[in-house]
Amino acid sequence: MLAVHLVAFYFSKLQEDPTKKVDRFLYAMRLHDDQLKGISARFQAEIKKGLSSESNAAAAVKMLPTHVRSTPDGKEKGQFLALDLGGSKFKVLQVKVREGMGIRRGGVELEEKTYPIPKELLIGRGTELFDHVSESLKDFMHVKNISLEKKHPLAFTFSFPCEHSSLDQGLLLNWSKNYRVRGLQGKDVVQTLRDSIDRSGDMNVEVLAMVNDTVATMMTCGFDDNFCEVGLIIGTGTNACYMEALCHIDLVEGDEGRMCVNTEWGAFGEDGALNEYITEFDRDVDAASNNPRKQMYSKRLHKVVRRLLPECHVRFVLSDSGSSKGAALVTAVAQRLASQRKKVDETLSPFRLNQEQLQLVKARMRAGLETGLKTKGSSAIKMLPSFVYRTPDGTERGKYLALDLGGTNFRALLVNFKKGLQQNTRVYHKIYTIPLEIMQGTGEELFDHIAQCVSDFLDYMGMKKARLPAGFTFSFPCEQTALDTGTLVSWTKGYKATDCEGHDVVNMLREAIKRRNEFDLDIVAVVNDTVGTMMSCAYEDPQCEIGLIAGTGTNVCYMEDVKNIEQKEGDAEIPKMCINTEWGGLGDDGSLDEIITPFDHEVNQNSINPGKQRFEKLTSGMYLGEIVRQVLLDLTRGGLLFRGHVTEALKTPGFFETKYLSQIESDRLALLQVRAILQQLGLDSTCDDSIIVKEVCGVVSRRAAQLCGAGMAAVVDKIRENRGLDHLKITVGVDGALYKLHPHFSRVLQETARVLAPQCHVTFLPSEEGSGKGAALISAVARQKHDQKQ
């Protein structure tokens, strides 16, 4: 009534023209939109100040994390006790939540009893207040015939500012609402309640959550409207809370997911931010209050959201049962999240490899390398000799043609090496499409098409009459008996051209060039793309003696001592040869069965080559998206994703492409953007769904990178031991979209290799021109050797 008396006092002073004088007194209370927008901008600045760990201490708006990480989704269930303490009375409730009945379908039953708080307890000791609360709780359980022996989860609504370090812990910052209880400020209120319950005896109650009434109001409305992510109190006091992205909350560790923030916005203006809007009436009211200069904003709240933010559709929903129901829902949501977390962890745990498992993979890879060197054709890792005997030394020069066939495109390149000027190497290229009917036609048609593309490129470069040395990058498994011969073992990547497997692809290309009779080439070498990548990077870094492909497929090559290659007789003048490991075959003999998950089995069985290339199916871009799809499908069928709704798209093989892993795992991508990607794919997701999808993508891609890192550790340790070194310094040339474009793959691969091969210092050098330039370099190295013999 204080404000009414003050206005009456001022009105008594009015004598002449009272209308004008009333307008003069009330004018300051009429705020136009520009002023309101100014207040809004100041409040937004205060929000950012409160969210920052550096400026929070000085912020008037404290932005308190609540550790409430999700709003209801309708799957909550259970029976809870609830306490609601925040005024001169408090309530004890029994709340029953039925699964599947939320989101506009009701499903919460309440029984409650109100207990008065004697005035002396409002200014007494904290233990006395909470002993009264505990005795009232025991009385309620007796009246409602609630078993005192059975364990009951309890939710606690405590409508005073608290600092939370967890959902079930809160340090009281200060009292309000006429409470002056002694001995609790700065103490854990939940622990105080637990101690009182213990003293009361005979109650088996577990306090699982404590929330502010504003948070509880948001949760109450969120149970009936899944778009509710803001809570607002306008009553004796005023406050707001909302769901904020964790990456914006400095006061809490982690940046994945969301958390409700209790703004405590009533303190806005304590630093003078509202001084120009405060009238003499406001000052008199403030001075007469129990906390002068505190909670200024709560005395001037302006509901103009729709007008000030026309671009936002804001719906106000009146809370039913308010904070009491909401506190129980907070507990129910926490239990749902804990249960969901457990099930998700159980599903994803096989993908999380420990050091012992990675050491096992390294050992199996090492054994596979050794076996492949000693046996021809029968080992899981083929260890194919490439007949490339050395890496470039920088003296290569001249013009070379490079032909690159490895997928739906064919690339022709002209590479001009200038003596002593590695950085000035000139590369010209042109890309040609291989039509599907050519990929799946006859071998003669395929190689005639390649010859036609080469003819066009030579015309384009004006070099059709020159007989250039050429290197042929052919990215399919081949057995070589010399540098310029390669017998195709089998087609991959959708190729089915007939009469090619078992034939020398170099001869097939030479025959096609003869049939065309327009130009001539000196095909010096046929090389795998991995070998080409190593050679390309070795031209830039002489320590590069390993090539790695981590893209649609995966493979490694390295320089091996010729004396260790039983498939090739040693030559004292030729100490090393590059070996194309074809390491994607690791596991074809069952050596990786301990780490292969049911999802990997599904991907393998549905592939075009079941039982083959098992390591590649765990690590390459061709398969990672499909593994993720299988996991998402399983989680959805289990009701843990997308509200259990399995779409036709989600059931479609190949639907979730590996490129989405790179997009979703980007550190720059907020959860709303992840949600947008999923919705573009027809997956109607919540922010909680987006968190789980991002986690699934993360464990699948991390495992792939770790496996490649374990394999690389086996390779570099073998090279070190070959050379009898205590410490090896070596460079790996790398190509492939997975390595270059995925936000975390390269880092995890490198870290894993470093940990598993601590005596090796490994530098990873991304290839600029890739295998095409490498094929030209192999031709140049081979030509140098030929010229030296001449």
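## Reading nonpolar patches and cores

Modeller: Leu232, Ile234 and Phe316 make a nonpolar surface patch of about 260 Å², where a patch joins nonpolar side chains (Val, Leu, Ile, Met, Phe, Trp, Tyr) within 5 Å, taken from residues with over 30% relative accessible area and no salt bridge. This is a predicted model, in which local features need pLDDT of at least 70, side-chain atom pairs count only at pLDDT 80 or more, and totals for chains, interfaces and linings use all residues. Residues are numbered from 1 along each chain as its sequence is written, and side-chain values use heavy atoms, with hydrogens and water left out.

Colleague: Why does Phe316 count as partly exposed?

Modeller: Buried means under 20% relative accessible area, exposed over 50%, and partly exposed in between (1.4 Å probe, protein chains only). Phe316 has 43% relative accessibility and therefore counts as partly exposed; Phe316 is found in the loop between α9 (305-308) and α10 (322-348).

Colleague: Which residues have the most contacts inside the largest nonpolar core?

Modeller: A nonpolar core is a set of buried Ala, Val, Leu, Ile, Met, Phe, Trp, Tyr and Cys residues joined through side-chain atoms within 4.5 Å. Here the largest has 112 residues, and Ile546, Phe656, Ile664, Met712 and Phe745 have the most contacts inside it. Helix α21 (residues 687-722; helices are DSSP runs of H or I, at least four residues) gives the largest share of this core, 17 residues.

Colleague: What is Met712 in contact with, leaving aside its neighbours within four places in sequence?

Modeller: With contact meaning heavy atoms within 4.5 Å, the partners of Met712 include Ile546, Trp583 and Phe764.

Methods: Helix = DSSP H or I, 4+ residues; strand = E, 2+ residues; numbered from the N terminus. Patch = residues over 30% accessible without salt bridge, like charges linked within 9 Å, V, L, I, M, F, W, Y side chains within 5 Å. Areas by Shrake-Rupley, 256 points an atom, 1.4 Å probe, with all protein chains shown as cover. Salt bridge = Lys/Arg side-chain N within 4 Å of Asp/Glu carboxyl O.
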